[in-house]
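Colleague: Before I plan around this protein, I would like to go through its side-chain contacts and its backbone with you, one point at a time. Could you take my questions in turn and show how you reach each answer?

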Amino acid sequence: MNVYDSDRMKDSLEPLGYQESSDLQNADMIVINTCHIREKASEKVFSELGRLRKVKQRAQQEQNRQVKIVVAGCVAQAEGEEITKRAPWVDIVVGPQTYHRLPDLVAKLDPFQRNRLIDIDFPPEIKFDFLPEKLGKRGPAAFLSIQEGCDKFCSFCVVPYTRGAEFSRSVQKIMDEAKSLISSGTKEITLLGQNVNAWHGVGPGGKDWGLGRLIFALAELPELERIRYTTSHPLDMDDELINAHAEVNKLMPYLHLPIQSGSDKILHAMNRRHTVLEYLNIIDRLRSARSDIAMSSDFIVGFPGETDKDFANTLNLIDKVGYASAYSFKYSVRPGTPAASKSLQVPEDVKSDRLLSLQQLLDAQQFAFNKKCETKKFDVLVEQKGERKGQLSARTPYMQSAYFDGPESLIGKMTQIKISFARKNSLSAEIFNQKEVI
Ligand code: SAH
Ligand code: SF4
């Protein structure tokens, strides 16, 4: 979602004459878009700001040039004034729900940048209504935010506080943005939301729509080849969405459905509001709808009160499901969340040991899944050049990166490949010659 937000900030700054640049030393404005989900992510912001201070000083001293430094995103939202206190060289602090005001904030900076501007409201207006309709260039695979915020309040998580209450964009706005992406060459859209499957809207004729219905509607756009959505919550996997997996070919057979822990006791303490069995039932239903679906999840180890037995249950669950990939994290204490004040915090070394064994298991599953893909043929979307000359890079339906030789004219197009060799994190392939099958 931060990638999507960064692109939208870029869109909103373009009318002011700004263009994206990879040349940090000569940039006129530097925007850091930040993440607050774990402590490590927010610590990174302050070390990065230390580096930017030097860039700003150098521009001032050597070229008499004023560089504007902006901190956006959830660290901005959560730490607001603290940022300008600890890093007074920051000019603007803007939250995830107010970045549509960035052009106004830039205009309000005095020419010598003696003022500091902080805008971390949860405003009454909806940012999407104030962002430019015209989208800048996106790649063959693009993101589209359809839902934001969260009302679920898992006890470890800052999202409800930093992104605010759950909000769904309208069907019309989503369809318009999808069409705009497609008209500029996008072939794959990933629908985004903190709880993307909590999305709901009103379709033509006043009918209530859930995510499943929206996916059916998007699939009718002829030049759109692939649809994905992330991140889903098990509680919001309704029948229509599961049915979309059975009936919509453009919906990729790969789903990120986080469970966090394989222990009912821990799930309850996390306020996830479902059991392990309920989660496994959802996966069964998904697999009945689409037999080739592959699963991915997030896991947290070392949540307060997690015992060896709870952790063993998580490993059991992973064994049972068999994931194609997954993200896993040590529990990170987030100030202001209910779990932060729980006694029975798990010692750091125990968390590290558990993370290591969890990741060994997940890595082995990912490698096994990739190995199973050897000799298989996939339709892929070619996204960019590979590292080697003459090489292309594409994503399989399962989000694996595949590399193969082919002409650059294929970038942005669908092609068929055959997997020749699997590694842990990528696949080698060749373009499949149709004549071979005849
Ligand atoms: N809405 C999604 C997840 C959004 S946050 C869901 O409910 O599944 C992305 C991931 O960050 C979470 O799935 C979780 O695994 C991880 N995460 C969130 N807060 C965390 C914390 N305090 N410590 C460690 N990991 C955390
Ligand atoms: Fe955070 Fe996801 Fe829970 Fe919402 S549902 S509080 S975003 S982990």
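Colleague: In which helix do R8 and D11 both lie?

Modeller: Please keep in mind throughout that this is a predicted model. R8 and D11 form a salt bridge in which the closest N and O atoms are 2.8 Å apart, and R8 counts as buried at 3% relative accessibility, as does D11 at 3%. The two residues are three apart, about one turn of the helix, and the element that holds both is helix 1.

Colleague: Which residue forms a salt bridge with R163, and is that partner buried or exposed?

Modeller: R163 itself is buried, with a relative accessibility of 3%. In its salt bridge with D5 the closest N and O atoms are 2.9 Å apart. R163 lies in the loop between helix 5 (159–162) and strand 7 (167–168) while D5 belongs to helix 1 (residues 2–13), so the pair ties together parts that are 158 residues apart in sequence.

Colleague: How many residues apart are D119 and R101?

Modeller: D119 forms a salt bridge with R101, with 2.9 Å between the closest N and O atoms. D119 is in strand 4 (residues 117–119), whereas R101 is in the loop between strand 3 (92–94) and helix 4 (102–108), and the pair therefore links distant parts of the chain, with a separation of 18 residues.

Colleague: At what angle do helix 8 and helix 10 pack?

Modeller: The axes of helix 8 (residues 239–247) and helix 10 (residues 276–289) are 7 Å apart, and the angle at which they pack is about 35°.

Colleague: Which residues of helix 10 make that contact, and how many of the contact residues are charged?

Modeller: Helix 8 contributes D239, I242, H245 and A246, and on the side of helix 10 the residues are R285, L286 and A289. By class, the contact has four nonpolar residues and one polar residue, and the number of charged ones is two.

Colleague: What is the geometry of the ring pair formed by F299 and Y323?

Modeller: F299 is buried at a relative accessible area of 0%, and Y323 is buried at 1%. F299 sits in strand 13 (residues 294–301) and Y323 in the loop between helix 11 (308–321) and strand 14 (325–330), 24 residues apart. The ring centres are 5.5 Å apart and the planes stand at 85°, so the pair is edge-to-face.

Colleague: Which residues form one aromatic cluster?

Modeller: A search of the whole structure finds seven aromatic pairs. The aromatic cluster is made up of F156, F303 and Y331.

Colleague: Over which ring does the charged end of R38 sit?

Modeller: A charge of this kind also occurs at R213, which lies over the face of W209 at 4.6 Å from the ring centre. For R38, the charged end is 3.7 Å from the centre of the ring, and that ring belongs to F329.

Colleague: Which residues are joined by a cis peptide bond?

Modeller: Most peptide bonds are trans. Here T231 is found in the loop between strand 11 (226–230) and helix 8. The cis bond has an omega of about 0°, and the residues joined are T230 and T231.

Colleague: Is N64 buried or exposed, and what is its phi?

Modeller: N64 is placed in the loop between helix 2 and strand 2 (68–73). With a relative accessible area of 68%, N64 is exposed. Its phi is positive although the residue is not a glycine, with a value near 50°.

Colleague: Where is N271 found?

Modeller: N271 is another residue other than glycine with a positive phi, near 60°. At 28% relative accessibility N271 counts as partly exposed, and its place is the loop between helix 9 (264–269) and helix 10.

Definitions and conventions
Residues numbered from 1 in each chain as written. Chains lettered and ligands numbered in written order. Predicted model: local features only at pLDDT ≥ 70, side-chain atom pairs only at ≥ 80, totals over all residues. Heavy atoms only, no water. Salt bridge = Lys/Arg side-chain N within 4 Å of Asp/Glu carboxyl O. Helix = DSSP H or I, 4+ residues; strand = E, 2+ residues; numbered from the N terminus. Buried < 20%, exposed > 50% of the residue type's maximum accessible area, 1.4 Å probe, protein only. Axes fitted to C-alpha atoms, helices over the stretch in contact; angles between N-to-C directions. Contact = heavy atoms within 4.5 Å. Nonpolar A, V, L, I, M, F, W, Y, C, P; charged D, E, K, R; others polar. Phe/Tyr/Trp six-rings, centres within 6.5 Å; stacked < 30°, edge-to-face > 60°. Lys NZ or Arg CZ within 6 Å of the ring centre and 35° of its normal.
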